[in-house]
Amino acid sequence: MQVEVAYARTDRQEIVPVKVPAGTTALEAARLSGITDLFPEIELEKTDMGVFGKVIKDPSAHELRDGDRVELYRPLKIDPKQARLNRAKKKG
């Protein structure tokens, strides 16, 4: 089956197509994609992952379906609630 593995930084993004056997998990697909060769800073075991924008709680157990896109997420620099609060304070 065909899946994609996606990762983006502020300066660059990549979507890597990968052919995987049925029963492949999100973590396995990320490993097979070679995405860490393109972005060496990624630690797959510690990186949050999702499929089409929905976070996966356990990427090592989540089996993919044909056509899925596994997304690797960077950690947030600031909590979204705190960012909104900071913007509200600036507006006065």
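I started with the largest nonpolar core, which has 20 residues. Val5, Ile35, Leu44, Met49 and Leu72 have the most contacts inside it. I note that this is a predicted model.

At least two residues come from each of β1 (2-8), β2 (13-19), α1 (26-33), β3 (48-51) and β5 (69-73). Helix α1 gives the largest share, four residues.

I then picked Leu72 and listed its contacts, leaving aside neighbours within four places in sequence. What does Leu72 touch? I found Val5, Ala6 and Tyr7, then Ala30, Ile35, Ile42 and Leu44, and also Thr47, Asp48 and Met49. Val5, Ile35, Leu44 and Met49 in that list are also named among the residues with the most contacts inside the core.

**Strand pairing**

I looked up the partners of β5. Strands β1 and β5 run parallel and are joined by four bridges. Val5 has Val70 as its bridge partner in β5. β3 and β5 are also joined by four bridges, but they run antiparallel. There I see Met49 opposite Leu72 of β5.

I followed β3 to its other pairing. Three bridges link β3 with β4 (residues 54-56), in the antiparallel sense. Which residue of β4 is the bridge partner of Met49? It is Ile56.

**The hairpin turn**

I went to the turn next. β3 and β4 make a hairpin, with two residues between them. Phe52 sits in the loop between these two strands. I flagged its backbone: phi is near 50°, a positive value in a residue other than glycine.

**The largest pocket**

I turned to open space. The largest pocket holds about 220 Å³. Its lining consists of Tyr7, Glu41, Ile42, Glu43, Lys46, Thr47, Asp48, Tyr73, Arg74 and Pro75. I sorted this lining by class: five charged residues, four nonpolar and one polar. I cross-checked against Leu72. Tyr7, Ile42, Thr47 and Asp48 line the pocket, and these four residues are also in contact with Leu72.

**Thr25**

I looked up Thr25, in the loop between β2 and α1. Buried or exposed? Thr25 counts as buried because its relative accessible area is 8%, and the cut-off is under 20%. I then asked what touches Thr25, not counting residues up to four places away in sequence. The list reads Pro59, Ser60, Ala61, His62, Glu63 and Leu64.

**Leu38**

My last stop was Leu38, placed in helix α2 (residues 35-38). Leu38 is partly exposed because its relative accessibility is 32%, and that class lies between 20% and 50%. Which residues does Leu38 touch, beyond those up to four places away in sequence? I found Arg12, Glu14 and Val16. Of these contacts, Glu14 and Val16 fall within β2 (13-19). I also took one distance. Leu38 and Asp66 lie 24 Å apart in space, C-alpha to C-alpha, and 28 residues apart in sequence.

Note on methods
Residues are numbered from 1 along each chain as its sequence is written. This is a predicted model: local features need pLDDT of at least 70, side-chain atom pairs count only at pLDDT 80 or more; totals for chains, interfaces and linings use all residues. Side-chain values use heavy atoms; hydrogens and water are left out. A nonpolar core is a set of buried Ala, Val, Leu, Ile, Met, Phe, Trp, Tyr and Cys residues joined through side-chain atoms within 4.5 Å. Buried means under 20% relative accessible area, exposed over 50%, partly exposed in between (1.4 Å probe, protein chains only). Contact means heavy atoms within 4.5 Å. On a 1 Å grid over the protein atoms alone, a cavity is a set of points where a 1.4 Å probe fits but cannot get out, and a pocket is an open set with protein on both sides within 12 Å along at least five of seven lines; lining residues have an atom within 4 Å of a point. Grid points are joined across faces, edges and corners, and a volume is the space filled by probe spheres set on the points. Ala, Val, Leu, Ile, Met, Phe, Trp, Tyr, Cys and Pro count as nonpolar, Asp, Glu, Lys and Arg as charged, and the others, Gly among them, as polar. Two strands pair if DSSP finds at least two bridges between them.
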